[in-house]
Amino acid sequence: MHTALFLLLLLSFQGIAQQNTEEISRLIFEKTNRIRLAKGLKPYKALDSLDQLAQYHSDNMVAKSFYSHVDPDGLTPVTRAEKLKIQPWRRVGNSFIGVAENIAQVPWFQNVSTCGDTRSSEALAECMVEGWKNSPPHYKNMMGDYIYLGVGIQFDEKGVGYGTQVFR
């Protein structure tokens with residue numbers, strides 16, 4: 001009986017999470033821009049190719065069971081962009097700035113440390129963005145001199161959301 005109940009809950013979760021990935025990505029994008037606006041910075045613009053790059057990395061982390069900016073094939077955010085034929089560089093004056101990346105793991109769960117219940121799109125997105133905001137290197141990316149932001153999210157079979165932000 002317990003196995004059947006677990007499978008039913010898992011299938012229910014997977015359906016909910018799959019339906020909400022676009023909504024969660026949108027919320028992460030909006031919440032990041034609200035933080036920028038509160039600091040007097042221009043909001044990021046959406047860019048489909050960066051959404052694709054972010055989603056590729058989130059999907060890859062789930063498919064290959066890793067959590068890192070460098071994937072098992074040794075690809076970094078810049079080399080992943082190049083592999084996918086996405087422009088990883090932006091010229092600023094006489095120099096070039098490469099894409100930057102934030103990643104996060106947040107479970108779809110009722111009692112997540114520092115976040116509480118993350119079993120809604122709003123709560124899960126809030127937890128990820130607050131985590132990045134409270135981490136100096138991630139916050140630096142969020143407040144950085146970038147123009148575009150792409151967001152991707154994917155859930156593993158245990159209900160852990162893998163979020164990726166890509167800045168250019």
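Glutamate 101 touches His57, His69, Pro77, Arg80, Asn141, Thr164, Gln165, Val166 and Phe167, leaving out residues up to four places away in sequence. This glutamate lies in strand 4, and it counts as buried because its relative accessibility is 7%, below the 20% cut-off. Threonine 76 is 25 residues away from glutamate 101 along the chain, and the two C-alpha atoms are separated by 9.4 Å. Please keep in mind that this is a predicted model.

Now for the wider view. The protein has five helices and six strands, and along the sequence they follow the pattern α-β-α-α-β-β-β-α-α-β-β. Of its 168 residues, 46% count as buried. Among contacts with a separation of 6 or more, 65% are between residues 24 or more positions apart.

One of the partners of glutamate 101, His57, brings us to helix 2. Helix 2 covers residues 48–63, which is 16 residues. From its first C-alpha to its last it reaches 22 Å, close to the 22 Å expected at 1.5 Å a residue. Which residues of helix 2 are buried? They are Leu50, Leu53, Ala54, His57, Ser58, Asn60, Met61 and Val62. The cover over these buried residues includes helix 3 (77–83), strand 4, strand 5 (148–155) and strand 6 (160–167). Just after helix 2, serine 65 takes a positive phi of about 50 degrees.

Helix 2 also takes part in the second largest pocket, where helix 1, helix 2 and strand 5 each supply at least two residues of the lining. This pocket has a volume of about 220 Å³. Its lining is made of 14 residues, and Glu22, Ser25, Asp51, Gln55 and Val151 lie nearest its centre. Helix 1 gives the most, with six residues. Sorted by class, the lining has four nonpolar, seven polar and three charged residues.

Helix 1 runs over residues 2–38, and asparagine 20 has its place there. Is asparagine 20 buried or exposed? At 14% relative accessibility, asparagine 20 counts as buried. Setting aside neighbours within four places in sequence, asparagine 20 is in contact with Trp108 and Ser121.

Finally, have a look at the cysteines. A disulfide is a covalent bond between the sulfur atoms of two cysteines. The count for this model comes to one disulfide, and it joins cysteine 115 to cysteine 127, with 1.9 Å from S to S. Cysteine 115 lies in the loop between strand 4 (100–107) and helix 4 (121–133), while cysteine 127 is in helix 4, so the pair ties together parts that are 12 residues apart in sequence. The link of cysteine 115 and cysteine 127 is right-handed, with 75 degrees about the S-S bond.

| Residue | Relative accessibility | Class |
|---|---|---|
| Glutamate 101 | 7% | buried |
| Cysteine 127 | 10% | buried |
| Asparagine 20 | 14% | buried |
| Cysteine 115 | 29% | partly exposed |

How values were computed:
Residues are numbered from 1 along each chain as its sequence is written. This is a predicted model: local features need pLDDT of at least 70, side-chain atom pairs count only at pLDDT 80 or more; totals for chains, interfaces and linings use all residues. Side-chain values use heavy atoms; hydrogens and water are left out. A disulfide is a pair of cysteine sulfur atoms within 2.5 Å. Helices (H or I, at least four residues) and strands (E, at least two) are DSSP runs, numbered from the N terminus. Buried means under 20% relative accessible area, exposed over 50%, partly exposed in between (1.4 Å probe, protein chains only). The expected span of a helix is 1.5 Å times one less than its number of residues. Contact means heavy atoms within 4.5 Å. On a 1 Å grid over the protein atoms alone, a cavity is a set of points where a 1.4 Å probe fits but cannot get out, and a pocket is an open set with protein on both sides within 12 Å along at least five of seven lines; lining residues have an atom within 4 Å of a point. Grid points are joined across faces, edges and corners, and a volume is the space filled by probe spheres set on the points. Ala, Val, Leu, Ile, Met, Phe, Trp, Tyr, Cys and Pro count as nonpolar, Asp, Glu, Lys and Arg as charged, and the others, Gly among them, as polar.
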